[in-house]
Amino acid sequence: MFRPVGRGWLRVMVSAAPPVLDAGPGPARTSARQWTAIAVLSLATFVVVTSEMLPVGVLTPMAEGLGISTGTTGFSLTITGLVTAVTAPAVPRLLGTADRRLVLAVAMVVLAAGNALTAVSGGFPLLLVSRVILGLGMGAVWGLAAAVAPRLVTARHAALAVSFAVSGVAAASVAGVPLGTLIGNAFGWRAAFAALAVAAVVLAAALLAALPPVPPVPQPAGPAATGTPERLLRVPMVATGLVLITLLVTAHFAAYTYVRPVLEERTGLAPGPIAALLLVYGVFGLAGNFAAGALAARRARATVASLAAGIGAAIALLAAFGGTTWITVAGIALWGLAYGGLSVAGQIWMTRLAPHRAEHITGLYVGVFTAAIALGALAGGTLVEASGVTTVLWTAAAGALAALTIAATRRR
């Protein structure tokens with residue numbers, strides 16, 4: 001069942017994926033209704049990640065409105081990440097026989113409540129509560145999306161369905177954060193979070209309408225049944241991959257959480273150009289998502305190593321030449337291209353190690369991923385308060401280099 005990373009991996013992943021919900025006799029074909037369900041699921045991950053990352057685009061006015069420092073405001077990402085890190089691995093173990101469609105819809109309502117509370121926050125205490133609630137909804141949606149997606153289509157489209165579902169993460173950077181930033185600039189940052197609350201409620205209804213009932217996958221008996229999160233951590237390549245992802249995501253978010261202050265202080269850009277540059281980052285991120293998904297289906301570890309190199313190089317460019325506008329634009333584009341592919345490439349790498357425990361490995365991966373987001377935001381905020389944004393950039397570049405070293409030297 002398990003083969004080394006190579007061209008045969010895509011066939012292994014598809015054949016090992018859980019059965020589709022409505023596979024019938026005759027040629028395997030994914031219907032328009034099934035692709036509609038995938039589209040709604042992708043929109044759900046889009047709103048989830050936009051909700052988490054929006055403080056990046058409105059950090060300065062949000063801090064002013066709450067009467068706290070930018071570093072403290074950036075810690076709000078740490079709060080969400082920590083809660084999601086606990087929620088995502090726990091969800092598959094707590095759901096039992098619950099319909100995954102209903103769980104996703106309820107989680108979106110919880111997400112809406114978190115965004116609504118953020119919109120009315122008057123200080124850090126209520127902001128803290130709102131981000132905890134948001135983390136609960138985010139952990140459930142993101143933790144289940146990649147496991148549910150291949151069950152909504154025929155087997156030969158399973159890998160593509162995962163790429164589309166996870167593309168909402170990259171699309172959040174393309175449209176979500178820049179659009180939220182534009183709304184925040186025009187109507188205030190509170191309006192941006194209120195809009196996300198409304199969108200989450202609409203998507204909760206859309207999930208109920210578009211997805212078929214999604215019962216849990218029957219678990220295999222015997223040795224294959226040992227894929228609990230605790231046992232998965234004992235698999236050497238799983239542990240190695242998670243350490244690499246932790247380093248890389250921590251490095252990325254230590255710098256990216258404070259990209260607006262970086263562009264304001266080092267490049268001297270105004271709010272309008274910053275929003276446009278974040279859009280550039282997002283467009284390249286979306287391209288990176290699909291390019292990395294195709295490459296990772298054949299060579300997952302090599303793809304992740306290449307993405308680590310790109311992230312490190314981009315951050316180093318901003319640290320060394322951030323005062324030069326055209327180099328800054330090139331660095332932001334490279335950063336988006338590299339980081340945009342990380343989520344799907346890492347997801348494919350992890351899923352191939354435990355194909356019959358898709359919910360568990362996905363929950364574990366998302367938990368580690370979001371914990372690294374929290375750690376990165378915390379580390380970045382601490383360094384910003386102590387030493388400034390330049391120190392953050394060089395430290396993040398060093399973290400990406402450490403991840404690249406692990407990816408390049410670890411045996412298969």
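# Notebook: helix packing and ring pairs

I began with helices H11 and H14. Val259, Leu263 and Thr267 of H11 meet Thr325, Thr328, Ile332 and Trp335 of H14. Contact here means heavy atoms within 4.5 Å. I sorted these residues by class: four are nonpolar, three are polar and none is charged. In this scheme Ala, Val, Leu, Ile, Met, Phe, Trp, Tyr, Cys and Pro are nonpolar; Asp, Glu, Lys and Arg are charged; the others, Gly among them, are polar.

A note on what I am reading. The model is predicted, so local features need pLDDT of at least 70 and side-chain atom pairs count only at pLDDT 80 or more, while totals for chains, interfaces and linings use all residues. Residues are numbered from 1 along each chain as its sequence is written, and side-chain values use heavy atoms, with hydrogens and water left out.

**The whole chain.** I counted the secondary structure next. The protein chain has 17 helices and zero strands. Helices (H or I, at least four residues) and strands (E, at least two) are DSSP runs, numbered from the N terminus. The chain has 412 residues, and 58% of them are buried. Buried means under 20% relative accessible area, exposed means over 50%, and partly exposed lies in between (1.4 Å probe, protein chains only). I also looked at sequence separation. Of the contacts between residues at least 6 apart in sequence, 85% join residues at least 24 apart.

**H11 and H14 again.** Two packed helices are described by the angle between their axes and the distance between the axes. I looked up both values. H11 spans residues 259-267 and H14 spans residues 325-340; their axes are 11 Å apart, at an angle of about 165°. The axes are lines fitted to C-alpha atoms, for helices over the stretch in contact, and angles run from 0 to 180 degrees between N-to-C directions. H11 and H14 are therefore roughly antiparallel. Angles over 145 degrees count as roughly antiparallel, under 35 as roughly parallel, 65 to 115 as roughly perpendicular and the rest as oblique. The crossing of H11 with H14 is right-handed. A crossing is right-handed if the near helix is turned clockwise from the far one by less than a right angle, and left-handed if anticlockwise.

**H13 and H14.** I then turned to another partner of H14. H13 (residues 300-321) comes within 8 Å of H14, axis to axis, and crosses at roughly 160°. This pair is therefore roughly antiparallel. H13 passes H14 in a left-handed crossing. I noted Leu307, Gly310, Ala314 and Phe321 among the H13 residues in the contact, and Gly331, Leu334, Trp335 and Tyr339 among those of H14. By class, the H13 contact with H14 has 15 nonpolar, three polar and no charged residues.

**H10 and H15.** The axes of H10 and H15 (residues 342-351) come within 10 Å and cross at roughly 170°. H10 is therefore roughly antiparallel to H15. From H10 the contact includes Met237, Gly241, Leu244 and Val249; from H15 it takes Leu342, Gly346, Trp349 and Met350. The class count is ten nonpolar, two polar and no charged residues.

**Aromatic pairs.** I searched the whole structure and found nine aromatic pairs. Rings of Phe, Tyr and Trp (its six-membered ring) pair if their centres lie within 6.5 Å; planes under 30 degrees apart count as stacked, over 60 as edge-to-face and the rest as tilted. Trp142 and Phe369 are an edge-to-face pair, 5.4 Å centre to centre with 65° between the planes. Trp142 sits in H6 (residues 124-148) and Phe369 in H16 (residues 358-387), 227 residues apart. Trp142 and Phe369 are buried.

Tyr256 and Trp335 make an edge-to-face pair too, at 5.8 Å and 80°. Tyr256 is in H10 (residues 236-256) and Trp335 in H14, 79 residues apart. Tyr256 is buried at 4% relative accessible area, and Trp335 is buried at 1%. Ring pairs join Phe253, Tyr256, Tyr281, Trp335 and Tyr339 into a cluster.

Leu247 lies in H10. It counts as partly exposed at 30% relative accessibility. Beyond its neighbours within four places in sequence, Leu247 contacts Gly399, Ala402, Ala403 and Ile406. Leu247 and Leu404 are 157 residues apart in sequence and 9.4 Å apart, C-alpha to C-alpha.

My last entry is Ala90, in H4 (residues 70-95). Ala90 is partly exposed at 26%. Gly139 is 49 residues from Ala90 in sequence and 9.0 Å away in space, C-alpha to C-alpha.
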